[in-house]
Amino acid sequence: MSMSTMSMSTMSMSTMSAESQPPKVVVVGAGWAGLGATYHLAKQGYDVTLLEAGSYPGGLVAGWKTAGGRSVEAGIHGFWYPYRNIFSLVRELGLNPFTPWTRSAQYSPAGLEVEAPIFQEELRLPTPLGSFLYPQFKRLPLIDRLSALPLFYTLADFDNSDEAWRRYDSVTARELFKQFGVSARLYRDSFEPMLLVGLFAPGEQCSAAAALGMLYYFILAHQPDFDVVWCRGTVGEKIFRPWCSAIEQAGGRTLTQRRVSDIRTDSAGKVTGVVCGDEVFEADAVIFAVGITGMKKIVAGSRTLQSRKEFQNIMNLGAVDVLATRLWFDRKIAIPRASNACFGFDATTGWTFFDLNALHDEFRDAPGTVVEADFYHANQLIPLSDEEIVRKVQGDLATCVPAFREAKVIDSSAIRLREAVTHFLPGSYQYMLPAVTSFENVLISGDWIVSRHGSWSQEKAYVTGLEAANLLVERFGRGSKAEIVPVEPDEPHIQLARTVNKTVRELGKAFLPDFWL
């Protein structure tokens with residue numbers, strides 16, 4: 001055999017060997033997005049490593065034990081009726097982590113304001129009639145509720161398209177509701193409370209586009225969408241830990257306490273590795289799957305990411321402080337509804353409280369009452385001492401359920417979460433990243449990125465993780481794409497209204513000058 005033949009043979013064998021090696025993928029962030037991407041890629045035979053900065057996979061939903069052995073977590077997270085992909089995942093994993101569908105209530109300092117039914121159990125009406133008629137308002141007059149009718153035009157006009165986002169994003173939610181004639185009382189007693197616990201900020205600090213997207217997805221698109229189940233323990237215990245075991249069985253690996261400090265690139269600008277202090281993880285592709293606060297910290301420490309305009313721009317995005325508290329009382333207290341939202345106690349703060357004796361298996365037979373109370377946009381509460389926080393929480397609970405006033409707190413936990421959840425500020429859409437970045441082999445996922453799927457919160461994070469995984473499957477030509485369940489289609493009358501509205505808009509653009517702000 002000649003030298004040239006031997007050389008060609010060696011090169012061929014080397015190429016075949018390289019092609020047979022699975023692509024190395026590094027996923028940063030072990031929340032819904034990161035675990036979703038890692039799990040699917042591991043099942044498709046990729047060499048995937050998941051890096052988590054914290055001590056446990058799960059991000060904000062990772063639960064843990066206190067020194068006294070009590071379960072706590074960074075807030076309670078509900079699972080709404082349209083979370084079709086998360087429910088599909090749970091079935092695939094063979095888990096049964098959820099409560100039955102629950103009814104909810106809303107309180108103000110004046111007492112009980114509204115009770116919501118389980119909408120699936122009511123006669124299904126065309127949207128948004130069921131959401132309008134079935135909740136049992138205790139104080140809100142019908143004339144105030146009727147003032148919301150002009151706002152329903154936005155159901156046709158806001159279709160989650162890029163154009164719609166740009167049209168509404170620079171306007172505050174409060175300005176939008178005022179523009180469409182919503183009464184002051186309806187805004188104060190209904191819409192703003194939904195914003196405080198849905199977008200975690202008051203209406204004057206929320207993008208109108210985000211408000212419409214969130215309200216439509218969770219409440220207005222279909223009558224049952226507001227129905228919710230809860231995890232029967234911490235999400236970390238009930239879902240994430242068995243999910244991580246499934247990832248390991250599929251060949252993936254999860255490494256905790258690995259805080260990303262930079263990325264490495266080659267001369268062509270392609271990312272070749274992820275740096276965590278003294279460790280470097282080689283990568284053929286990288287998926288960032290962290291919240292906006294974590295992503296900003298990574299960018300702040302990475303000269304490579306800072307060199308790109310899109311990553312510079314995410315420093316314009318923000319996040320909201322959350323205070324998660326858990327109180328153990330010395331007696332059983334009858335709480336009418338297991339999940340409750342509250343407004344009007346502090347001017348710019350919304351909060352929720354949950355009867356964990358009814359929701360969590362661990363506390364079902366406890367001799368006393370266990371309550372989780374979570375405060376959003378909690379800027380003014382974070383600096384308080386634990387003792388001051390406990391006194392406030394008990395006082396607020398007693399305003400809603402008077403029996404709390406005589407009960408004694410025998411244990412408590414207060415978790416302060418600085419910049420914990422995405423703040424959809426007016427004008428923020430222009431700075432959000434799409435899944436694909438200017439780095440050829442770097443992708444982004446999470447609940448704060450641009451996605452046309454239409455979902456929100458945990459479901460959106462999980463879906464964008466799957467979307468990132470699918471982009472890599474397509475790029476490397478290895479494995480099958482994850483099946484992503486689309487959101488339920490709009491009801492026929494909404495589809496018709498959107499078609500008519502779009503036609504009118506296009507005719508207006510064709511015949512009228514486009515010079516309006």
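A residue is taken here as buried when its relative accessible area is under 20%, as exposed when that area is over 50%, and as partly exposed in between. By this criterion Asp157, at 3% relative accessibility, counts as buried in the predicted model, whereas Arg167, with a relative accessible area of 26%, is partly exposed. The side chains of Arg167 and Asp157 meet in a salt bridge, with a distance of 3.3 Å from N to O. Because Arg167 lies in helix 7 (residues 162–168) and Asp157 in helix 6 (residues 153–157), this pair ties together parts that are ten residues apart in sequence. Through salt bridges that share partners, Asp157 and Arg167 are joined with Glu163 and Arg505 into one network.

Side chains of opposite charge can pair when their charged atoms come close. In one, Glu115 is paired with Lys138, the closest N and O atoms being 3.4 Å apart. Glu115 is buried, its relative accessible area being 12%, while Lys138 is partly exposed at 42% relative accessibility. In the other, the side chain of Glu115 meets that of Arg337 at 3.2 Å, N to O. This second pair links distant parts of the chain, since Arg337 lies in the loop between strand 15 (318–329) and strand 16 (339–346), 222 residues apart from Glu115 in strand 7.

Five strands form an open sheet in the order 10-2-1-14-20, and their pairing is parallel. Strand 10 (253–255) and strand 20 (442–444) stand at the edges with a single partner strand each, so one side of each is left without a neighbour in the sheet. On average, and with direction ignored, neighbouring strands of this sheet are turned by 20° against each other. At the edge formed by strand 10, the pairing with strand 2 (residues 47–51) is in the parallel sense and extends over three bridges, and Leu50 stands opposite Thr254 in strand 10. Helix 2 (residues 32–43) lies across strand 1 (24–28), strand 2 and strand 14 (285–288), and runs at about 160° to strand 2.

Definitions and conventions. Residues numbered from 1 in each chain as written. Predicted model: local features only at pLDDT ≥ 70, side-chain atom pairs only at ≥ 80, totals over all residues. Heavy atoms only, no water. Salt bridge = Lys/Arg side-chain N within 4 Å of Asp/Glu carboxyl O. Buried < 20%, exposed > 50% of the residue type's maximum accessible area, 1.4 Å probe, protein only. Helix = DSSP H or I, 4+ residues; strand = E, 2+ residues; numbered from the N terminus. Pairing = 2+ DSSP bridges. Axes fitted to C-alpha atoms, helices over the stretch in contact; angles between N-to-C directions. Contact = heavy atoms within 4.5 Å.
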